[in-house]
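Student: I have just opened this one and would like a walk through it. Could we take it slowly?

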Amino acid sequence: LRMKSPPRTPILNTYSQPLVSNNTQAVPLCIAKLKHYDPTLRANFILSHFDSTKPPSNNHSVPSSIIVQRILTLCSKVTEDANNTKLLTFALMLLRLVVLMKDGNTSADANGDNVPSGHHSDISSDTTQVVFDWMQANEGSLLQNQTCHTAMTYCIWSNMISTWKEDRTAAVDASRLEWMLEYVLRDVTSSQAQLQQAALCVLYNLAWWKSVEQQTCPDDDIDEITVTLICASVQGLLDQMMQQQQEWQLVTRLMALLGRLIVNSSGTRSEVVALIQDLGLHDALREWAVVQEPAAVKEDSVKCIGLAKELVSLLG
């Protein structure tokens, strides 16, 4: 007997990496805006870790944890200054980058996107914990005030998660993840595009992390985070089905998120498939798979409809 080949998923396969915000073009502007709080901070202190075309710098010998702590101190000074709350966005833009720093060299392409090179280690678990502790201590300023601060906080979370190539449960305990998800799930349906897209990035990177973790630590049971991600995605997709006009980028991202949870390098996770079927998404996906592609947003809709077809084949 010939074994049945697994379904081909060329579109889903393009979503194999986490989403990372690592453009460095705004660094000089951020430093200029914040020089009052740290006169010794220089743009090259940040840029030299991301751009190998710059002259060699002794900054590469500074552990990433020290750099993260310095930027957190800067963020705290700005946060405490009630007269300059708008500057917090610039400080968070720097923190967005330093949580990606690795102890070793990195290079950047013409668009400012990171391309790792040489030997380096990811941001440590201790540093991850320090960043989460600082964020929880400044919860009001970061997540309950201005939209731009909240969106940038989500961006920092997304970048941090993109470095979690191993099980980080010990460093990021369940209570921290629940706290993070409470805010992200609130804004994944936000009417403000900036918040919605940033929240979706966090959820997608969490799905990517869980798929990587499942490869290194296989488990037949579905953990609580995965269940939360599945339920949020299914609900979001079902809500979109009820809309007269679908937000194609949102739908595509939600489908890609589900796909990452269904499939890893070992194959299709039957327990995830069973849960998605129980939640009633299969029929909705079948409807999407036969939707006529609207010409006005052809590129986004083609990818979305193609993903729907691939998910239908995976769900059986």
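**Salt bridges and the core**

Tutor: At 6% relative accessibility, K210 counts as buried, where buried means under 20% relative accessible area, exposed over 50% and partly exposed in between, with a 1.4 Å probe and protein chains only. This is a predicted model, in which local features need pLDDT of at least 70, side-chain atom pairs count only at pLDDT 80 or more, and totals for chains, interfaces and linings use all residues. Residues are numbered from 1 along each chain as its sequence is written, and side-chain values use heavy atoms, leaving out hydrogens and water.

Student: Which residue forms a salt bridge with K210?

Tutor: That is D223, with the closest N and O atoms 3.4 Å apart; a salt bridge here is a side-chain nitrogen of Lys or Arg within 4 Å of a carboxyl oxygen of Asp or Glu. The pair links distant parts of the chain, since D223 is in the loop between helix 10 and helix 11 (224–241) while K210 is in helix 10, 13 residues apart. Helices (H or I, at least four residues) and strands (E, at least two) are DSSP runs, numbered from the N terminus.

Student: How many salt bridges does a search of the whole structure find?

Tutor: The search finds 5, and one of them joins R176 to D133, whose closest N and O atoms are 2.3 Å apart. R176 lies in helix 9 (residues 174–187) and D133 in helix 6, so this pair ties together parts that are 43 residues apart in sequence.

Student: Is R176 buried or exposed?

Tutor: R176 counts as buried because its relative accessibility is 9%, whereas D133, at 34%, is partly exposed.

Student: Changing topic, which residues touch the most other members of the largest nonpolar core?

Tutor: They are L95, Y154, W157, M180 and M255, in a core of 101 residues. Helix 10 (residues 193–216) gives the most to this core, with 12 residues. A nonpolar core is a set of buried Ala, Val, Leu, Ile, Met, Phe, Trp, Tyr and Cys residues joined through side-chain atoms within 4.5 Å.

Student: And what is L95 in contact with?

Tutor: Leaving aside neighbours within four places in sequence, L95 is in contact (heavy atoms within 4.5 Å) with I71, L72, C75, W134 and I156.

Student: What about the chain overall, how many helices and strands?

Tutor: The secondary structure comes to 15 helices and 4 strands, and 51% of the 316 residues count as buried.
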